[in-house]
Amino acid sequence: MKYKIALLAGDGIGPEVMAEAVKVLMAVGKRFDHHFTTHEGLIGGCAIDATGTALPEETVTLCHDSDAVLLGAVGGPKWDDPNARVRPEQGLLGIRKALGLFANLRPVTVHPLLLDASPLRPERLEGVDLLVLRELTGGIYFGEKRREQDEHGEWASDLCIYSQMEVERIVRMAASLARARRGKLTLVDKANVLETSRLWRSITTRVMQAEFPDIAFDTMLVDACAMHLIRHPADFDVIVTENMFGDILTDEASMLAGSMGMLPSASLGSIQSPHTNQPVGAASLPQARIGLYEPIHGSAPDIAGQGKANPLAMILSVAMLLRHSLGLEREAQAVETAVHRTLEAGIVTGDIARPGQTAASTSQVGDAVALRLRDA
Ligand code: IPM
Ligand code: MG
């Protein structure tokens, strides 16, 4: 089969990890006889430098014309002026919104060989296999922003707003995914304080009772969840939560896996139900078929250009792309197996190297994964 993949490498370590993802994608093509064509687009700081905007129109068009999108990372000190009118992050938020990608899937698993890489004691990590569904196109990220001055000085506000439709579609997607896993869903909110959280709680409870009575459903306040993720991480199966809570909790959860450099993500507008094969989510949105895949880590300007970045989160994002956008489950598993074999061979970057183990470079890790795909 032929597939068109958009590559938005972005800034900092983005281009370095993207190069390794492309190696792996091409190795998948060779082994399974698929033809991937890749097309590069600008996003973030590099787009600002070249065009004056963080998300040029051509990039949006390229993504719409592609079967799936791979994204590296955006941002860096060069564009960090908090008062700047154009900011790299606008590119990332803009493309999520433009493609209708309301659900961000962030799976967290712990590879047995990386138990030492986590700051948590190994016995706490046993059985950790959770999936966070972060709402991605609403809430405080996208509400009206104000910055004003009155007689007392400056003030600012960020509006957090959610509609029934926005909550229902992601809850349905989360519950469907839970059904295909261990059958447990936790809604994380701050319903003791926030009205938006009270809306999430009442809608989620209603949807779960009416449509998913077979799923074990509970709720947890976000502060308690931050604690439970460290105390009993293996208790969680699927977590569904709003945009900002999901952003914060997944950086925390990445430490279970040992490094931010290990966690991939998929941003989707719909999924095929694992049971009925019907689309779940906003299938009526014309754009909803496109998925965007990116590591959860940022552009890491401190190590950019040094060959130190861990490419595995980006490579595992390729596996998610094969699975969720192209329906190539066998190919996705082959990538994941090749990553495991690379870890077993001890070919790892410094962030997950054990004491005494020599760190491999970004491209050595990418080569090792691609080689294991070819030789499998
Ligand atoms: C993420 C990042 C982004 C976010 C930033 C770069 C805007 O932290 O994808 O988690 O907050 O969504
Ligand atoms: Mg984040």
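Asn104 is buried, with a relative accessible area of 0%, where buried means under 20% relative accessible area, exposed means over 50% and partly exposed lies in between, computed with a 1.4 Å probe on protein chains only. The model is a predicted one, in which local features need pLDDT of at least 70 and side-chain atom pairs count only at pLDDT 80 or more, while totals for chains, interfaces and linings use all residues. Residues are numbered from 1 along each chain as its sequence is written, chains are lettered from A and ligands numbered from 1 in the order in which they are written, and side-chain values use heavy atoms, with hydrogens and water left out.

The place of Asn104 is in strand β4; helices (H or I, at least four residues) and strands (E, at least two) are DSSP runs, numbered from the N terminus. The side chain of Asn104 makes a polar contact of 2.5 Å with the side chain of Arg106, and another polar contact, of 3.1 Å, joins it to the side chain of Ser267. A polar contact here is a pair of N or O atoms within 3.5 Å; within protein, one must be able to donate a hydrogen and the other to accept it, and residues adjacent in sequence count only if both atoms are side-chain atoms. When residues up to four places away in sequence are not counted, Asn104 touches Val132, Leu133, Arg134, Leu136, Ser265, Ala266 and Ser267, contact meaning heavy atoms within 4.5 Å.

The protein chain is assigned domain 1 (1-114 + 259-376) and domain 2 (119-132 + 160-257), with bounds that come from an automatic or database domain assignment. The C-alpha centres of domain 1 and domain 2 lie 24 Å apart, and 24 residues of domain 1 are in contact with 23 residues of domain 2. Between domain 1 and domain 2 an area of about 2000 Å² is buried, of which carbon and sulfur atoms give 69%; buried area is the accessible area (1.4 Å probe) that two parts lose on being put together, summed over both.

Across the interface of domain 1 and domain 2 the rule finds four residue pairs in polar contact, both residues being at pLDDT 80 or more. On the side of domain 1 that touches domain 2, at least two residues each are supplied by β4 (103-109), β12 (270-272) and β13 (279-281), and β4 gives the most, with seven residues. By class, this side of domain 1 has 16 nonpolar, seven polar and one charged residues, where Ala, Val, Leu, Ile, Met, Phe, Trp, Tyr, Cys and Pro count as nonpolar, Asp, Glu, Lys and Arg as charged, and the others, Gly among them, as polar. Between domain 1 and domain 2 the count of salt bridges is zero, a salt bridge being a side-chain nitrogen of Lys or Arg within 4 Å of a carboxyl oxygen of Asp or Glu.

By this rule the salt bridges in the model come to 25. The side chains of Arg206 and Glu168 meet in one of them, at 3.2 Å from N to O; Arg206 lies in helix α7 and Glu168 in helix α6 (residues 164-179), so the pair ties together parts that are 38 residues apart in sequence. Arg206 is partly exposed, with a relative accessible area of 41%, whereas Glu168 is buried, at 14%.

Another salt bridge brings together the side chains of Arg182 and Asp237, at 4.0 Å from N to O. Arg182 lies in the loop between α6 and β8 and Asp237 in the loop between α8 (222-231) and β10 (238-241), so the pair ties together parts that are 55 residues apart in sequence. Arg182 is partly exposed, with a relative accessible area of 43%, while Asp237 is buried, at 1%. Both residues belong to a network of salt bridges that links Asp129, Arg181, Arg182 and Asp237.

Arg201 forms a salt bridge with Asp189, the closest N and O atoms being 2.8 Å apart. This pair links distant parts of the chain, with Arg201 in helix α7 and Asp189 in strand β8, twelve residues apart. Arg201 counts as partly exposed at 25% relative accessibility, and Asp189 as buried at 1%.

Ala191 is found in the loop between β8 (184-189) and α7 (195-211), and Ala191 is buried, with a relative accessible area of 13%.
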